[in-house]
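Me: I would like to go through this model and ask what stands behind each label. Please set the values against the cut-offs.

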Amino acid sequence: MFLGILMHKAESAGRELIPVNPASTSRTCPAPECGHISGENRTTQADFVYVRCGYTANADEVGATNVKRAGLVLRKAALAA
Ligand SMILES: [Zn+2]
């Protein structure tokens, strides 16, 4: 329902909507060549310290980065099909 409304809004604004499965997007290290997934990465609600490579960032930025990346991968796959 929400997605349907959002899809319509995006279309009328000339934008593209790509639904992304959010699973693990807040637990995955966005550092290039890493991608390690662990709940232990999240030290507080706001902060991330990646247990494998030591990458640190704001947790919300990490989630947004991973969602965007997943969406672009889906888009590329759809265009190649
Ligand atoms: Zn890492």
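Me: Where is leucine 3 placed, and what makes that element a helix?

Reply: Leucine 3 sits in helix α1. Helices are DSSP runs of H or I with at least four residues, strands are E runs of at least two, and both are numbered from the N terminus. Before going on, note that this is a predicted model, in which local features need pLDDT of at least 70, side-chain atom pairs count only at pLDDT 80 or more, and totals for chains, interfaces and linings use all residues. Residues are numbered from 1 along each chain as its sequence is written, and side-chain values use heavy atoms, with hydrogens and water left out.

Me: Why is leucine 3 called partly exposed?

Reply: Buried means under 20% relative accessible area, exposed means over 50%, and partly exposed is in between (1.4 Å probe, protein chains only). Leucine 3 has 41%, so it is partly exposed.

Me: Which residues does leucine 3 contact, leaving aside its neighbours within four places in sequence?

Reply: They are Leu17 and Pro19, where contact means heavy atoms within 4.5 Å.

Me: How many helices and strands does the protein chain have, and in what order do they run?

Reply: There are two helices and two strands. From the N terminus the order is α-β-β-α.

Me: What makes Cys29, Cys34 and Cys53 donors of the zinc ion?

Reply: Donors are N, O and S atoms within 2.8 Å of the metal (3.2 Å for Na, K and Ca). The SG atoms of Cys29, Cys34 and Cys53 are at 2.1 to 2.3 Å from the zinc ion, so they qualify. Water is not among the atoms, so sites may look incomplete.

Me: What spacing do the donors of the zinc ion follow along the chain?

Reply: The spacing is C-x4-C-x18-C. Cysteine 29, in the loop between α1 (2-12) and β1 (47-49), is 24 residues from cysteine 53, in the loop between β1 and β2 (56-58), and the pair links distant parts of the chain.

Me: Are these cysteines buried or exposed, or in between?

Reply: Cysteine 29 has 2% relative accessibility and therefore counts as buried. Cysteine 34 has 19%, which is under the cut-off, so it is buried as well. Cysteine 53 has 41% and therefore counts as partly exposed.

Me: What makes a set of residues a nonpolar core, and which residues form the largest one?

Reply: A nonpolar core is a set of buried Ala, Val, Leu, Ile, Met, Phe, Trp, Tyr and Cys residues joined through side-chain atoms within 4.5 Å. The largest has eight residues: Cys29, Ala31, Cys34, Phe48, Tyr50, Ala57, Ala59 and Val62. Beyond four places in sequence, alanine 31 touches Cys53 and Tyr55.

Me: Why is threonine 25 called buried, and what does it touch?

Reply: Threonine 25 is in the loop between α1 and β1. Its relative accessible area is 12%, so it is buried. Not counting residues up to four places away in sequence, threonine 25 touches Val62, Gly63, Asn66 and Val67.

Me: How do you know that threonine 25 and proline 22 make a polar contact?

Reply: A polar contact is a pair of N or O atoms within 3.5 Å; within protein, one must be able to donate a hydrogen and the other to accept it, and residues adjacent in sequence count only if both atoms are side-chain atoms. A polar side-chain atom of threonine 25 lies 2.6 Å from the backbone oxygen of proline 22.

Me: Where is arginine 69, and why is it called partly exposed?

Reply: Arginine 69 is in helix α2 (residues 59-80). At 42% relative accessibility, it therefore counts as partly exposed. A polar atom of its side chain lies 3.2 Å from the backbone oxygen of proline 30.

Me: Why is glutamate 33 called exposed?

Reply: Glutamate 33 has 83% relative accessibility, so it counts as exposed. Although not a glycine, glutamate 33 has a positive phi of about 70 degrees.
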